[in-house]
Amino acid sequence: MSTAVDEVATETAAVEAVPKRAMTLGAGTSLIVLGLLILAPLMVKSFITFQMTQLLVYALAVLALNILTGGSGQFSLGQSAFYAVGAYTSGILMEQYNVNYALTLPVSGILCFGVGFLFGQPALRLSGVYLALATFALATAMPQLLKLNFLEPWTGGVQGLVVTKPDAPFGLPMSQDMWLYYFTLVISIAIYIGAVNLLRSRSGRAFMAIRDNEIAASAMGIDVALYKTLAFGVSAGITGIAGSLGAIVVQFVAPDSFTITLAIQLFLGMVVGGVGWLPGSIVGAAFIIFVPNIAEGVSKGLSGAVFGVLLFLVIYVVPHGARQIAILGQQTVAKFRKR
Amino acid sequence: MELFTNQILAGISTGAIYACMALAVVMIYQAIDHLNFAQGEMAMFSTFISWQLMQWGLPYWAAFFITIALSFAAGIAIERILFKPLAKAPILTNVAGFIALFSIINSSAGLIWDFTIKQYPTPFGSAPFLGSQLISTHQAGMIGVTFLLLVALYFFFQYTRVGLAMRAAASLPESARLVGINTSWMIALGWGMASAIGAIAGMLIAPVVFLEPNMMGGVLIYGFAAAVLGGLSSPFGAVIGGFLVGIFENLAGTYIPGVGNELKLPIALALIISVLVVKPAGLFGRAIVKRV
């Protein structure tokens, strides 16, 4: 059934091109958001603080995926695997070797960078659907790899590991939840600023050139293979740090928390937040944390279906996710100012 | 040697499952150039419909063919309503759409038929086939049906006008439109056929893996592995790929120490990645050349 003639692939772009300037927020808006994030835990109950910490953790993971997909145009349905590696690194270091929790973050960041860089090697040969497939398989296989018998002394097997929650240091008068929130916030902001700067740098421009046209990019002298694997590494590294924070916040790691469902959630978070729009990561994270609850409120048995329908609505009504809404808002504000 | 041949036989019989699924995957890939992540769930839902029909007292074969017809129609309906508006959207949006579809079907099936495991009948019986302990008449029947399907598809694509039109629409949509082919409907037809083949696969697999809303999870991954191994552009390759994956899985389980049930999915993963790296077009697929 195959034709002998050479196939000419006129591929549609995997990801729509996003201009560099459209990737971030203006200074004023950033400061308002930052202020809200700092003040929020002072006003709410500790359970909500806990949820907000989780929100930041997911936002980090979505941000990482956004760098990979929105920045360099590569897919990944396998982010849960890197998240798991990060979470387990922290869990094992803290529980088996008594390492301070803050010190485990750079370790898992570097480890995951390595893992991602290596996985980026075979991923180099793949694009679009094939890459989605390979990463999908990685995510599905991960829980089973974690359950392996000979890893059990470290990973705790199916049972997983319980992670102790750290206290606020220097005798600060803060609950553990609140301390963890601020700890996560500081790290998230640092990584966000780093990510914005990365995308504005020479490397970031190289990512975007590859995303928009690989052949043209290589003709301009960009080392396509290097930058593609680098994007994978950076993305995996940030996801690993998110995983570490996630393990510390939830106080528990087990193979079944890192199934393909997590990877799909992160992917959806990116789509909802707007691909290539970094601030959208937090909107996407809010979608994946709160919408399943709303869906469950609508109908208990049909929560999956309600979730799916909501997702279809997002795709049809606002295909560019939260970015589109933000731009709309901006235009309305501008209109009012003119009057 | 006895062990070796037995394992190959067992591999062929599990391979038939993967071959069916891979065939459905390749069908839709041919039509729309996307991998449908909801394919397994669509097949699962079809299987539940046939089970329901049998519960209402229909004989097996009546339920079988009614289900195929229904699935065909449902596949077309899904394309027309949900995915036609996304035809020009980036791949990313399409993948999100597939995931949404997956979630909707899985959850609805769970609500309608709940998550308990159900027995599913087989029309072929489950006696040992030709006195072999490893391969039952059902598995032999499954292999037979898979090959029948493959031959039917071959004749459809090679010798009918519609088949020719579908091939034209898939390989050069622009030119196909110029000679009067309604490419948009060819895509819908592809969805319908993939859905129907998925239904057949589901109904054949159900007696082996039992019927429940999550029955297709692992099978779909192996189906993908098989499709990739055979080459995503070749239905024949998909079937061969399915059998090879089945054999490989069994041999690896027997001869590589430490590979048991728990490592089955990582094996599929390793297989997918190594095939994609060594020979991205698969064994029987055609290589894609990019024009600059």
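Modeller: The expected span of a helix is 1.5 Å times one less than its number of residues. Helices (H or I, at least four residues) and strands (E, at least two) are DSSP runs, numbered from the N terminus. This is a predicted model, in which local features need pLDDT of at least 70 and side-chain atom pairs count only at pLDDT 80 or more, while totals for chains, interfaces and linings use all residues. Residues are numbered from 1 along each chain as its sequence is written, and chains are lettered from A and ligands numbered from 1 in the order in which they are written.

Colleague: At what angle do H1 and H9 of chain B cross?

Modeller: Roughly 70 degrees, with the axes of H1 (residues 2-32) and H9 (residues 217-230) coming within 8 Å. That makes H1(B) roughly perpendicular to H9(B), since angles of 65 to 115 degrees get that label, under 35 being roughly parallel, over 145 roughly antiparallel and the rest oblique. Axes are lines fitted to C-alpha atoms, for helices over the stretch in contact, and angles run from 0 to 180 degrees between N-to-C directions.

Colleague: Which residues make that contact?

Modeller: From H1(B) they include B:Ile17, B:Met21 and B:Val25, and from H9(B) they include B:Val219, B:Tyr222 and B:Gly230. Two residues are in contact if their C-beta atoms lie within 7 Å. The contact divides into 13 nonpolar, two polar and no charged residues; Ala, Val, Leu, Ile, Met, Phe, Trp, Tyr, Cys and Pro count as nonpolar, Asp, Glu, Lys and Arg as charged, and the others, Gly among them, as polar.

Colleague: Switching to chain A: how many helices and strands does chain A have?

Modeller: Chain A has 14 helices and three strands. Buried residues make up 49% of its 339 residues.

Colleague: How do H3 and H4 of chain A pack?

Modeller: H3 (residues 79-97) and H4(A) meet at an angle of about 140 degrees, their axes 9 Å apart. The residues of this contact split into nine nonpolar, six polar and no charged. As for H4(A) itself, its end C-alpha atoms are 32 Å apart, which agrees with the 33 Å its 23 residues should span.

Colleague: Why does A:Gly120 count as buried?

Modeller: Because A:Gly120 has 24 C-beta neighbours inside 10 Å. A:Gly120 lies in helix H4 of chain A and, leaving out residues up to four places away in sequence, touches A:Lys228, A:Thr229, A:Phe232 and A:Gly233. Its C-alpha is 9.4 Å from that of A:Leu226, 106 residues away along the chain.

Colleague: Last one: where is A:Gln251?

Modeller: In the loop between helix H10 (224-250) and strand E3 (252-253) of chain A. A:Gln251 is not a glycine, yet its phi is positive, about 65 degrees. With 15 C-beta neighbours inside 10 Å, A:Gln251 counts as partly exposed.

Terms used:
A residue is buried if 20 or more other C-beta atoms lie within 10 Å of its own, exposed if 12 or fewer, and partly exposed in between; C-beta atoms are placed from the backbone.
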